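Hello,

Here is the structure I promised to pass on to you. Please have a look at it first, and then read my notes below.

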Amino acid sequence: MSSNFTIEEATFDDWKRVVDLCTETDRWSVNYDDFHVWKKAFGEDKARFLAAKASDGDVLGFVCTAKFDPNINTVGMYYVQPKYRGEGIGMQLCERIAQYTRVEGQNTYVNGISYMSEKYVSRKGLQNCANWKLSLLNINGGADTSKIAHLVGNVKVVNISDVDVAKIAAYDQSVAANIDRSKFVEAWLNHPAAWSKVALDGNGSVVGYGAARLVTLDRLLFGPLYANDKATAAALIKAILDHDTNLSARHIQFFSPSTNDDLLDLLELLSGGKCDDGGYLVSQFRGQQLPIDIKKVFAITEPALGFF
Ligand SMILES: CC(C)(COP(=O)(O)OP(=O)(O)OC[C@H]1O[C@@H](n2cnc3c(N)ncnc32)[C@H](O)[C@@H]1OP(=O)(O)O)[C@@H](O)C(=O)NCCC(=O)NCCS
């Protein structure tokens with residue numbers, strides 16, 4: 001089979017097939033609309049989506065990359081159908097994507113699944129790892145937001161339409177190693193399947209923002225969730241879950257830095273002690289670790305093309 005495929009620029013239909021496949025075989029948390037959100041976040045020239053396709057048009061594998069200015073690229077959604085794994089399709093996808101990522105002076109960031117992490121170190125030179133892991137935390141039996149009401153801080157939580165998006169982007173930049181991600185932030189907060197909120201202090205300054213979006217298998221995935229402190233994070237989580245009566249009953253997920261004990265406390269309270277550990281990703285890269293203000297990160301925006 002491995003000689004019998006081509007690698008092409010992926011269409012939306014290819015992406016939808018990948019969403020169905022990776023949900024069924026690996027329970028990844030994705031949404032058809034992510035494709036359009038990425039296009040808005042990066043524009044046509046700063047992201048590439050590649051599909052390995054059989055002669056009958058079926059999608060055998062997928063990978064994508066994006067570029068953040070000034071010198072960062074990310075690689076994600078690296079996937080091959082189980083029955084075609086181990087035949088070299090993945091490596092060929094990686095070789096092709098390297099045409100975009102192997103650029104002088106650019107650092108590549110990957111949120112690698114735990115069992116692939118060593119291979120990315122030894123075979124791809126992603127030898128540096130963040131000093132935190134990205135834990136996948138699940139609440140499966142419903143969340144009771146009244147259990148965190150006493151922790152909610154003295155902040156005002158509003159809808160994103162009530163705040164100038166430039167103010168949210170400036171807050172993001174202060175967390176995200178001073179990298180301007182304004183288009184990325186705007187695109188993800190306006191994801192068609194997301195509920196998004198902003199926290200303001202008494203002076204109207206942004207002190208946190210967050211969103212949760214519907215993903216496959218009817219799950220609700222939080223991200224981003226950035227906040228100055230636990231009280232602000234509690235306020236955002238509560239406001240988002242209380243926005244719609246159906247939200248807190250869903251299977252809820254967070255990709256959160258393993259160093260964030262405050263989030264763990266909040267999830268233990270919300271779930272009545274039934275927060276479940278769903279494994280972890282390793283944030284790894286070629287160059288320097290970015291000075292991300294990690295204590296303010298309660299959930300990353302998305303693990304595929306965000307660099308945290
Ligand atoms: C990871 C995955 C995409 C690899 O695709 P594949 O077609 O099976 O890969 P290949 O046949 O080209 O790989 C040959 C070997 O190189 C390894 N390899 C594949 N891609 C690699 C990469 N980018 N870097 C380092 N090693 C890699 C494979 O694990 C395999 O290792 P082995 O010889 O020790 O068994 C595929 O196994 C998969 O879809 N896994 C489930 C989803 C997943 O975990 N994706 C990774 C998310 S970070």
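**Strand β11 and its neighbours**

In strand β11, Phe 254 is the bridge partner of Leu 137. Please keep in mind that this is a predicted model.

How many residues of β11 are buried? The strand spans residues 252-257, and six of its six residues are buried. Both of its faces are covered: one side carries Ile 252, Phe 254 and Ser 256, the other Gln 253, Phe 255 and Pro 257.

**The protein as a whole**

Stepping back, the protein has eight helices and 13 strands. Of its 308 residues, 46% count as buried. Among contacts with a separation of 6 or more, 73% are between residues 24 or more positions apart.

As for overall dimensions, the C-alpha atoms fill a box of roughly 60 × 40 × 35 Å along the principal axes. The radius of gyration is 19 Å, which agrees with the value near 19 Å for a compact globule of 308 residues.

I hope this helps you find your way around.

Best wishes

Methods
Residues numbered from 1 in each chain as written. Predicted model: local features only at pLDDT ≥ 70, side-chain atom pairs only at ≥ 80, totals over all residues. Helix = DSSP H or I, 4+ residues; strand = E, 2+ residues; numbered from the N terminus. Rg over C-alpha atoms; globule rule 2.2 N^0.38 Å. Buried ≥ 20, exposed ≤ 12 C-beta atoms within 10 Å, placed from the backbone. Contact = placed C-beta atoms within 7 Å. Pairing = 2+ DSSP bridges.
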